[in-house]
Amino acid sequence: QAHLVESGGGLVQPGGSLRLSCAASGFSLDAYAIGWFRQAPGKEREGVSCITGWDDSTHYADFAKGRFAISRDIDNSTVYLQMNNLEPEDTDVYYCAADMYTSVHAMCVNGQLPYDYWGQGIQVTVSS
């Protein structure tokens, strides 16, 4: 059975960094696009960054450019989101999702779609 499990969240001060991990099991990443999304209470889920498993194409939301970096480790079936210079506005529940052979742009701009697999989400809190 396929699963995605997020880890690496927590509490960090403004200006700090966190690295989120999305570990996949039950399927191979090289046929999937993996995306990071976030959602605050009462708001729609929005795309943060996405990456393809087959050619390393990436997409970043405007707020993530220059601060966040997405990467993948196919051998360990894990996708990472390095988040630097975090701001209180980055406080959200972060989710990873996987969808087979999807464009990273299309995936990242559609946070509401029922992608093939979703993780359970992990809290990121940026506060002093």
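These legends accompany an overview and several close-up views of a predicted model.

Figure 1. Reading from the N terminus, the elements follow the order β-β-β-β-β-β-β-β-β-α-β-β. The radius of gyration is 13 Å, close to the 14 Å that the globule rule gives for 128 residues, so the chain is as compact as a globular protein of that length. The C-alpha trace spans about 40 × 25 × 25 Å along its principal axes. Of the 128 residues, 48% count as buried. Among contacts with a separation of 6 or more, 59% are between residues 24 or more positions apart.

**Figure 2. Surface and charges of the chain.** The accessible surface comes to about 6,200 Å², and carbon and sulfur atoms account for 47% of that area. The chain carries 7 positive and 15 negative charges, whose mean positions are 5 Å apart. Side chains of opposite charge can pair when their charged atoms come close. In this model the count comes to six salt bridges, and the next views visit some of them.

**Figure 3. Close-up of the salt bridge between Arg38 and Asp92.** Here the N to O distance is 3.3 Å. The pair links distant parts of the chain, with Arg38 in strand β4 (residues 32–39) and Asp92 in strand β9 (residues 92–100), 54 residues apart. Arg38 counts as buried because its relative accessibility is 6%, under the 20% cut-off. Asp92, at 7%, counts as buried too.

**Figure 4. Close-up of the salt bridge between Asp90 and Arg67.** The N to O distance in this pair is 2.7 Å. Asp90 is buried, with a relative accessible area of 1%, and Arg67 is buried at 11%.

**Figure 5. A network of salt bridges.** This view brings the residues of the two previous legends together. Arg38, Arg67, Asp90 and Asp92 belong to one network of salt bridges, and Glu46 is linked into it as well.

**Figure 6. Close-up of the salt bridge between Asp56 and Arg72.** The two side chains meet at 2.8 Å, N to O. Asp56 sits in the loop between β5 (46–52) and β6 (58–60) and Arg72 in strand β7 (residues 68–73), so the pair ties together parts that are 16 residues apart in sequence. Asp56 counts as partly exposed at 43% relative accessibility, and Arg72 is partly exposed at 26%.

Definitions and conventions
Residues are numbered from 1 along each chain as its sequence is written. This is a predicted model: local features need pLDDT of at least 70, side-chain atom pairs count only at pLDDT 80 or more; totals for chains, interfaces and linings use all residues. Side-chain values use heavy atoms; hydrogens and water are left out. A salt bridge is a side-chain nitrogen of Lys or Arg within 4 Å of a carboxyl oxygen of Asp or Glu. Helices (H or I, at least four residues) and strands (E, at least two) are DSSP runs, numbered from the N terminus. Buried means under 20% relative accessible area, exposed over 50%, partly exposed in between (1.4 Å probe, protein chains only). The radius of gyration is taken over C-alpha atoms; the globule rule is 2.2 Å times the number of residues to the power 0.38. Contact means heavy atoms within 4.5 Å. Accessible areas come from the Shrake-Rupley method with a 1.4 Å probe; for residues, only the protein chains shown count as cover. Lys and Arg count as positive and Asp and Glu as negative; His and the chain ends are not counted. The place of a charge is taken as NZ of Lys, CZ of Arg, CG of Asp or CD of Glu.
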